[in-house]
Amino acid sequence: MVQKVLNQLPNKHKALLSGFAVFVLILLLIPSDPAKASKNSQILEVGKRYDVPLTIATASQLSEEFFEDSPQWQNFAVKKGDNLAKIFARAGLTPQETYYVSTAGKDAKQLLKMRPGQQLQLLIDNEGKLSSLAYALSATDTLKIDKQAAKTYTSSISSKQIDKRYNYAQGEIKSNFWNAAVNANLSQNHIMSLAGIFGWDIDFALELREGDTFNVVFEEHFIDGEFVENGKIIAAEFVNQGETFTAILHDDGNYYTPEGRSMRKSFLRAPVNFKYISSSFKKRRFHPVQKRWKAHRGVDYAANTGTPVIAAGDGRVIRATYDKYNGHHVFIQHGEKYVTKYLHFSKRAVKKGQSVKQGQVIGYVGATGLAAGPHLHYEFLVDGVHRNPRTVTLPQAKPIAKKEAAAFAKLAQRRMTQLNNTKRIMLAMNR
Ligand SMILES: [Zn+2]
């Protein structure tokens, strides 16, 4: 029975209890010697040595922490300008030990990349020599360096398992997307990812409206049952002005529609990131964008001077110059059919003849040329004809690779179920 209880206890407790049991035994065995008994009653004082023969067995059963001279892990914060030698010097270790440790195998090279704010744990023995070092490389990985013999250390990296769990967020836009997303408890990274995922379909800067909704399922990473970080958005739905867009993350790291068409397209809907567009749509509501577009064949994005402007698609710069009407401006040719134009820059970031990638910064918002205030004037031409970049029909996105299609179809079905389940949960909660 006692054995059974003992076996269920943690090792330290076991050691403690068996230690006690032995002392009780000693007390029982030598009741005729009160002096010795009283001496034995002080046995729990840390670090004392006892001459009773039985205590040899006892000492080996007691946990190490019962002796005040047993080595303890010590924590050293990496400071600005720190390196291993400086930290070792603070810990009272020698330059020789620094050398042996820093050359203890290829994993030890990680010690060269220490950054301020990180922690180094050192286990120093009773002679003041290093016996182990632990350095957390990330939430999951720890570099361990252990002394094997004098002058000989080995290094290894131990990794903890990440448990992935799903969480979800839902919201309805009332004033602007950012506020709605923050209210839905989405992190800043997830808000930017969400706008990125739908950036080829929706102009987050100008086209969002009150009543638009979003529904997001994302990963959360746990280690040993504790939350460590957000993972990727694995599925999302965005309803913009009554039109529903759905994106699902595939194993290849790309997002696809449930039917397996890439979310990535040849043109972004907006050549500026929505976070720089200050005015909320409520103020714009009485100035229909369509009418404005017809009046001057372009779309205006009001933003602060210096706001980065990006290429809407891959292409080649066919014009990058200054004149008194357009100010600093850049034209990009995309394939045979398409040209995009960007006017009134404060500064150009590309040169004529240069190849540019979609999303690459090509200039900065300004008010050069005929401009009342800082804004980007953006034009989209198809076969030389001005078209509204937000309503023009664009080339269809590529479908997922044939050999991936079956696996993706299964995944998509699972993700759609998750999206629909979160909707039901939120509906039930709001009731
Ligand atoms: Zn304009």
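In this predicted model, the buried residues of helix α6 pack against α5 (84-90), β3 (130-136), β4 (141-149) and β5 (152-159). Helix α6 itself spans residues 95-102, and its buried residues are Glu97, Thr98 and Val101. These residues lie on the same side of α6 because they cover an arc of only 105° around the axis. An α-helix has 3.6 residues a turn, so residues three or four places apart point the same way. On the face of α6 turned away from its buried side, the exposed residues are Pro95 and Tyr99.

The largest nonpolar core holds 66 residues, of which Phe177, Phe198, Phe214, Tyr301 and Ile362 touch the most other members. Strand β8 (residues 226-240) gives the most to this core, contributing five residues. At least three residues of the core come from each of domain 2 (161-265 + 397-431) and domain 3 (276-387). Another core, of 21 residues, lies apart from it and includes Phe88, Leu111, Met114 and Tyr135.

Leaving aside residues up to four places away in sequence, Phe177 touches Ile191, Leu194, Ala195, Phe204, Leu208, Phe214, Phe238 and Phe274. Phe177 also belongs to one aromatic cluster, together with Trp178, Phe198, Phe204, Phe214, Phe238 and Phe274. The structure as a whole holds 16 aromatic pairs.

Aromatic rings meet charges here as well. The charged end of Arg165 sits over the ring of Phe222, 3.8 Å from its centre. Likewise, the ring of Phe331 has the charged end of Lys341 over it, 4.6 Å from the ring centre.

Notes. Residues numbered from 1 in each chain as written. Predicted model: local features only at pLDDT ≥ 70, side-chain atom pairs only at ≥ 80, totals over all residues. Heavy atoms only, no water. Core = buried A, V, L, I, M, F, W, Y, C linked by side-chain atoms within 4.5 Å. Buried < 20%, exposed > 50% of the residue type's maximum accessible area, 1.4 Å probe, protein only. Helix = DSSP H or I, 4+ residues; strand = E, 2+ residues; numbered from the N terminus. Domains from an automatic or database assignment. Contact = heavy atoms within 4.5 Å. Phe/Tyr/Trp six-rings, centres within 6.5 Å; stacked < 30°, edge-to-face > 60°. Lys NZ or Arg CZ within 6 Å of the ring centre and 35° of its normal. Arc of directions from axis to C-beta.
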